[in-house]
Amino acid sequence: MLLLIPSLSYADVLIDDCGTEISQQDKNKKLWIVNLAGIGVVTAWGIANWDYFSQSPQTTSEGWFSNDTASGGADKLGHAYTSYVLSHGLSSLYESWCINKNDAAAYGALSSLAIVGYMELGDSFSEFGASREDMLANIIGVGFGYFTYKNPSLSNIVDFRWEYKPNSNTIGDFSTDYENSKYLLALKLNGFDFARNSFLKHIEFHTGYYTRGFSDANETKERNVFIGIGFNLTDLFRRHSYNKTATLLKYYQIPGTSLQKKNNLND
């Protein structure tokens with residue numbers, strides 16, 4: 001798909017450091033490198049941490065956000081978030097290699113889908129099994145990543161973020177530590193014309209979901225939805241030319257930097 005897909009639009013906007021767009025042959029070469037490297041990393045990590053290729057392939061249905069699932073659905077948001085971030089990251093990488101923005105967005109999304117799809121294939125050869133729900137969450141994350149990267153006006157309004165605060169009880173690798181994770185959407189007021197010239201440009205509203213107590217049968221299970229309000233740190237750092245920090249904070253919510261009101265669905 002990546003090699004056969006045509007340009008999805010007539011736009012040929014390139015970043016400032018690029019004079020002309022690279023040839024299709026060079027595009028194909030870079031696409032192969034990125035996707036094979038991604039698959040290699042997933043294979044190594046999966047063998048080391050997720051018991052890939054330890055048994056015959058199988059599929060499973062894990063459910064969504066109900067109380068009788070393994071993590072109350074937090075893992076599904078984790079899949080969507082990972083796919084979203086990977087889509088943005090690879091799109092940015094392709095654009096830095098002098099591929100026009102619209103094609104970079106398409107290639108980044110499809111590469112993300114290929115890599116997380118392979119991850120799900122690897123799960124089929126482990127005790128977890130390939131999950132239909134996980135794959136659908138991956139597709140949603142990739143789709144959201146594609147549309148927000150291709151449309152900066154949308155990306156200026158909404159971010160998909162992960163809030164993570166590990167503690168002494170952290171179990172396993174951080175990528176599946178749902179007991180200490182929150183996933184949220186941030187609505188940034190500075191993306192709207194009415195707020196750009198007032199104090200409101202510093203404000204953003206949050207809504208999200210997280211679970212607690214699912215990793216220990218002796219703990220009380222919580223499935224929490226929350227709303228919150230915080231400062232737009234991404235915009236603050238970018239306006240002071242801390243662009244790398246601003247980019248990080250577009251995807252990561254620092255714990256304790258917003259006021260949150262939760263509602264436990266299990267109460």
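This is a predicted model: local features need pLDDT of at least 70, side-chain atom pairs count only at pLDDT 80 or more; totals for chains, interfaces and linings use all residues.
Local features here need pLDDT of at least 70, side-chain atom pairs count only at pLDDT 80 or more, and totals for chains, interfaces and linings use all residues. Residues are numbered from 1 along each chain as its sequence is written, and side-chain values use heavy atoms, with hydrogens and water left out.

Student: How many salt bridges does a search of the whole structure find?

Tutor: A salt bridge is a side-chain nitrogen of Lys or Arg within 4 Å of a carboxyl oxygen of Asp or Glu. With that criterion, the search of the whole structure gives a total of 14.

Student: Which helix holds the partner of lysine 27, a residue of helix H1?

Tutor: Helices are DSSP runs of H or I with at least four residues, and strands are E runs of at least two, numbered from the N terminus. Lysine 27 forms a salt bridge with aspartate 103, the closest N and O atoms being 3.8 Å apart. The pair ties together parts 76 residues apart in sequence, because lysine 27 lies in H1 (residues 24-49) and aspartate 103 in helix H3.

Student: Is aspartate 103 buried or exposed?

Tutor: Buried means under 20% relative accessible area, exposed over 50%, and partly exposed in between (1.4 Å probe, protein chains only). The relative accessible area of aspartate 103 is 3%, so this residue is buried.

Student: What is the N to O distance between glutamate 204 and arginine 161?

Tutor: Both residues belong to a network of salt bridges that also includes Asp159, Lys188 and Lys250. The side chains of glutamate 204 and arginine 161 meet in a salt bridge, with an N to O distance of 2.6 Å.
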